[in-house]
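Dear colleague,

I am passing on the structure we spoke about, with the sequence alongside. Please open it first, and then read the notes below with the model in view.

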Amino acid sequence: GLVDASTVTRRRPPMAIRYQCFLVLVVLFVLGSPPVCVPSDNQLKIMVHISTVFIAAILGVASRACLAFTSAPGRRGGSQLHAKKPTPKPLFPYGKKPPVYNKQTSLWEPSAETEDEPYGPMGSLLRGGPNPALIRVLQPEQYDQAVYKYMAQTRCSRIEAMGNMDSYFNNAADWAFQK
């Protein structure tokens, strides 16, 4: 027998295969040969196979490129995952003497060359949100100690250290991730 086409239910391919077929159709269209008809099941299988090979080749090239950029100099295929982490570098060169740590008082003390505060608590509120502004108003010593310590460790200006501490007090995890 003959089978009535209206009674036959056709199974739909899984979403990943449909997505790959869509990608192949888009690639064919972009290359200048748009499909004239809907592909058959065999053509779909061939298209899926070709797109899988094509995607695997792209991923292989991308992974090799990533390995080339992350390998340590002088070593082939080495990783810098265990390399010593660099300290953050200041945005602008800072030639003045940084704050010093006083072991007797256990506090950071500004040097004579340390500049004045470039902005007040309202500037911290605008730059970092309510958390750094509240810390600056309610605990000014903790805020100043954090700024002096950051200035000493990175040898940066006070405005850069204050901006970093505003960001740190707002969200320490995001600040650490961005550094």
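The structure, which is a predicted model, holds 5 aromatic pairs. In one of them, the ring centres of Tyr150 and Trp175 are 6.2 Å apart and the planes meet at 65°, so this pair counts as edge-to-face. Because Tyr150 belongs to helix α5 while Trp175 belongs to helix α7 (residues 172–178), the pair ties together parts of the chain that are 25 residues apart in sequence. Tyr150 and Trp175 are both buried.

Another of the pairs is formed by Tyr168 and Phe169, which is also edge-to-face, with 5.5 Å from centre to centre and 65° between the planes. The two partners can be told apart by their accessibility: Tyr168, at 35% relative accessibility, counts as partly exposed, whereas Phe169, at 14%, falls under the 20% cut-off and therefore counts as buried. Taken together, ring pairs link Tyr143, Tyr150, Tyr168, Phe169 and Trp175 into a cluster.

Which members of the largest nonpolar core touch the most other members? Of its 16 residues, these are Tyr143, Val147, Tyr150, Ala161, Met165 and Phe169. Helices α5 (140–154) and α6 (158–170) each supply at least two residues of this core, and α5 gives the most, with 7 residues. As general background, nonpolar side chains in soluble globular proteins tend to be buried together. For a closer look at one member, Ala161 touches Val147, Tyr150, Met151 and Cys156, when residues up to four places away in sequence are not counted.

Two further places may be worth a look while you have the model open. Elsewhere, Arg127 lies over the face of Tyr119, at 3.8 Å from the centre of the ring.

With best regards

Notes: Residues are numbered from 1 along each chain as its sequence is written. This is a predicted model: local features need pLDDT of at least 70, side-chain atom pairs count only at pLDDT 80 or more; totals for chains, interfaces and linings use all residues. Side-chain values use heavy atoms; hydrogens and water are left out. A nonpolar core is a set of buried Ala, Val, Leu, Ile, Met, Phe, Trp, Tyr and Cys residues joined through side-chain atoms within 4.5 Å. Buried means under 20% relative accessible area, exposed over 50%, partly exposed in between (1.4 Å probe, protein chains only). Helices (H or I, at least four residues) and strands (E, at least two) are DSSP runs, numbered from the N terminus. Contact means heavy atoms within 4.5 Å. Rings of Phe, Tyr and Trp (its six-membered ring) pair if their centres lie within 6.5 Å; planes under 30 degrees apart count as stacked, over 60 as edge-to-face and the rest as tilted. A charge sits over a ring if NZ of Lys or CZ of Arg is within 6 Å of the ring centre and within 35 degrees of the ring normal.
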